[in-house]
Each structure stands twice: as structure tokens, then as C-alpha cells.
Amino acid sequence: MKYCENCGKKLNHSNDDLCPDCRRRVGRRPGSSMRKLSVADTPIGLTKQEFLTYYSKGARLCGTAAILGYLSAIAMLAIVVYFYRDSSAIVFVDVSFLLLLGLLLHITKNRAVAFLYLAFCVLNAVIYLVTEGRFIAALPIISAILGVIGAFWYDREWRAYHEQYGFDSD
């Protein structure tokens, strides 16, 4: 006889995939396998943090976008320091804003932050294109676009989770 690892209830059939009581997948804990679980695998009553950590693909995409933003900020700083030794402090402000907006996107997964990040990256690319005559901001723009997609995807997943179990949206 098998028991649910989450709630301890006895399972009716040994080949059940879901516990009939808590609806968690049997034989697997969140984080125990390399594959992250999807919204369809979600049990009832998750906190927003648990949902983010174990089930949201949009949240993972926001994290990927933020990491790309960190890498592009570090690359921008390294290029400017190495090739343009007489650079002004404005470059350090650009890098600081890029890191800050990437960190905010990574932490909040917020659509407004994602759009602000995208607007900053596009504006920064236009300024560099006009002043330097070359386009050097492809990676920050790509990471910002991924951030916008991830933030909307996460929001859609969170709303679908609430609708699936009849919770009120927050």
C-alpha cells in the first residue's frame, strides 16, 4: 500500500499519479528531480513564493533574463574600462542602472519593472547608436524582451493557478 509523501493519506491504487486528497504528484517532491513542475502539477494552497520556486516557467524566464542582464552589464563595463580608459562616469551609471533593473526583475517578476528595463535598454541603445555610431546593446535588449515575456507569462500562470482552484486574485 502506498501513501502520499505530502499529506500521508493512503492511496487507492498503487498506480495513481496524483493523491486524491492534496492533488500532489505521487513519488515526487518539488525540487527532488531536475525537471521543474508545471502549473498543471500544482497542489492546492501554495504561497506565491512556493509557486515561483517550483512551478512557474515565466518566473524562470525572468531569472534567465536578469542573468543575461547581469552578464551584459559586466561585459559593457569590461569593454569600456579596457578600450576607453578615459571614459566618463556616465558609463558607470548605465551599468549600475542595468544591474539594478536586472536585480529588480529577478526579485519581483513584475511587468512594470520588465517594461522599465526594456525602455532603459532601448533608450541606452539609441543613445549609444547616436553618440558612438554603432549598435552595441543587443544583449541587454534581448534580456529585457525575455524579461517582459517572462513577467507576462508568470502573471498568466499565477492567475491560471488561482482560477484553477477558485481562489480570489491578489
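Seven aromatic pairs turn up in this predicted model, where rings of Phe, Tyr and Trp (its six-membered ring) pair if their centres lie within 6.5 Å. The whole structure also holds three salt bridges. The count of disulfides is zero.

Residues are numbered from 1 along each chain as its sequence is written. In this predicted model, local features need pLDDT of at least 70, side-chain atom pairs count only at pLDDT 80 or more, and totals for chains, interfaces and linings use all residues, while side-chain values use heavy atoms, with hydrogens and water left out.

**Aromatic rings**

- A pair of aromatic rings is described by the distance of the centres and the angle of the planes.
- Planes under 30 degrees apart count as stacked, over 60 as edge-to-face and the rest as tilted.
- Among the seven pairs is that of F51 and Y154: the ring centres are 6.4 Å apart and the planes stand at 45 degrees, so this pair is tilted.
- F51 belongs to helix α1 (residues 48-54) and Y154 to helix α5, so the pair ties together parts that are 103 residues apart in sequence.
- Helices here are DSSP runs (H or I, at least four residues), numbered from the N terminus.
- Both F51 and Y154 are buried; buried means under 20% relative accessible area, exposed over 50%, and partly exposed in between (1.4 Å probe, protein chains only).
- F51, Y154, W158 and Y161 make up one aromatic cluster.

**Salt bridges**

- A salt bridge is a side-chain nitrogen of Lys or Arg within 4 Å of a carboxyl oxygen of Asp or Glu.
- R111 and D155 form one, with their closest N and O atoms 3.5 Å apart.
- R111 sits in helix α4 (residues 111-132) and D155 in helix α5 (residues 138-165), so this pair ties together parts that are 44 residues apart in sequence.
- R159 also bridges to D155, and here the closest N and O atoms are 2.9 Å apart.
- R159 and D155 are four residues apart in helix α5, which separates them by about one helical turn.
- Through shared partners, salt bridges join R111, D155 and R159 into one network.
- D155 counts as buried, at 17% relative accessibility.
- R111 is partly exposed at 32%, and R159 is partly exposed at 40%.
- R134 and E132 meet in another salt bridge (3.6 Å, N to O).
- R134 is partly exposed, with a relative accessible area of 37%; E132 is partly exposed too, at 41%.

**A charge over a ring**

- R111 has a further contact: its charged end sits over the ring of F152, 5.2 Å from the ring centre.
- The rule asks for NZ of Lys or CZ of Arg within 6 Å of the ring centre and within 35 degrees of the ring normal.

**Nonpolar surface patch**

- I90, V93, F97, L100 and L104 form a nonpolar patch on the surface, with about 420 Å² of accessible area together.
- Patch members have over 30% relative accessible area and no salt bridge; nonpolar side chains (Val, Leu, Ile, Met, Phe, Trp, Tyr) are joined within 5 Å.
- Accessible areas come from the Shrake-Rupley method with a 1.4 Å probe.
- L104 lies in helix α3 (residues 90-108) and is partly exposed, at 34% relative accessible area.

**Cysteines**

- A disulfide is a covalent bond between the sulfur atoms of two cysteines.
- With a cut-off of 2.5 Å between cysteine sulfur atoms, the count is zero.
- C62 is buried, with a relative accessible area of 0%.
- C121 counts as buried at 1%.

Conventions: Patches are made of residues with over 30% relative accessible area and no salt bridge: like charges are joined within 9 Å, nonpolar side chains (Val, Leu, Ile, Met, Phe, Trp, Tyr) within 5 Å. Helices (H or I, at least four residues) and strands (E, at least two) are DSSP runs, numbered from the N terminus.
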